[in-house]
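Please read it with the structure open.

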Amino acid sequence: MPAVAPKLRELRRTAGLTLEAAARAASLSPAHLSRLETGRRQPSLPMLLALSRTYGTTVSELLGESTADRDAVVRGGDTEPTRAGGWTYWQAGGQGRGMQTLRVHVPHGAQGDMVRVHPGEEWLYVLGGRLRLRLGDSTHVLKPGDSAHFDSLTPHRIAAADQGGADLLFVHTLMQSPVTALCLGDGNPGGA
């Protein structure tokens with residue numbers, strides 16, 4: 001995913017943020033953000049979400065994906081899979097909207113113990129496999145056809161419950177706020 005690195009650097013500079021300020025806003029260490037910007041590290045989907053909120057953009061823009069502006073229809077054959085942090089996802093909605101919509105494959109073991117907290121709302125719908133969703137102190141196993149809709153300020157973790165991973169539709173609101181994702185759990189702000 002070499003195209004992401006220069007885009008991250010460009011968006012940070014356009015926003016007028018130093019490496020330290022952007023890293024702090026995205027709850028990453030400056031060293032980790034530097035590795036992302038130079039392509040020595042691949043961002044996970046949660047990191048891309050945090051950075052998209054920090055820069056007031058979408059994950060699709062961070063990845064350099066493009067569709068016609070305000071196009072209401074996204075054709076499945078027109079989207080290319082993108083991989084980040086072990087996850088694979090496809091754009092499932094138009095750009096420049098108040099929500100980011102993705103079709104996601106979550107492989108088993110891809111996110112470790114990372115728990116996320118950030119402004120906004122999330123909705124997900126399990127298409128295949130089983131998904132383990134931790135919301136606050138509760139853990140739920142979702143099967144195909146199950147969905148969840150929650151406030152993203154509730155500490156949450158998404159992980160595949162099966163060796164083959166899980167497939168889901170994922171929708172989140174785009175909060176244009178400098179206060180973004182907090183990483184809890186492993187004590188490593190870079191989520192490395």
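1. The model is predicted. I start with a helix pair. Helices α1 and α3 pack with their axes 7 Å apart, at an angle of about 120°. How are α1 and α3 oriented to each other? They are oblique.

2. Sorted by class, the contact of α1 with α3 has five nonpolar residues, three charged residues and no polar ones.

3. Now look at α1 by itself. The helix spans residues 4-14, and its buried residues are V4, A5, K7, L8, L11 and R12. Why do they share one side of α1? They cover an arc of only 165° around the axis, so they sit on the same side of the helix. The other side of α1 holds R13 and T14, both exposed.

4. What covers the buried residues of α1? The cover includes α2 (19-25), α3 (30-37), α4 (45-54) and α5 (59-62).

5. Check the backbone after α1. G16 follows the helix, and its phi is positive, near 70°.

6. Next, a residue in a strand. T173 belongs to β10, which covers residues 166-173. Is T173 buried or exposed? Its relative accessible area is 19%. The cut-off for buried is under 20%, so T173 counts as buried. I would quote the 19% along with the label.

7. M99 is 74 residues away in sequence, yet the C-alpha atoms of T173 and M99 are separated by 4.3 Å.

8. Last, the aromatic rings. How many aromatic pairs does a search of the whole structure find? One. The pair is W123 with Y125: the ring centres are 6.2 Å apart and the planes meet at 20°. Planes under 30 degrees apart count as stacked, so this pair is stacked.

9. W123 is partly exposed, at 30% relative accessibility. Y125 is partly exposed as well, with a relative accessible area of 30%.

How values were computed:
Residues numbered from 1 in each chain as written. Predicted model: local features only at pLDDT ≥ 70, side-chain atom pairs only at ≥ 80, totals over all residues. Heavy atoms only, no water. Buried < 20%, exposed > 50% of the residue type's maximum accessible area, 1.4 Å probe, protein only. Helix = DSSP H or I, 4+ residues; strand = E, 2+ residues; numbered from the N terminus. Arc of directions from axis to C-beta. Contact = heavy atoms within 4.5 Å. Axes fitted to C-alpha atoms, helices over the stretch in contact; angles between N-to-C directions. Parallel < 35°, antiparallel > 145°, perpendicular 65-115°, else oblique. Nonpolar A, V, L, I, M, F, W, Y, C, P; charged D, E, K, R; others polar. Phe/Tyr/Trp six-rings, centres within 6.5 Å; stacked < 30°, edge-to-face > 60°.
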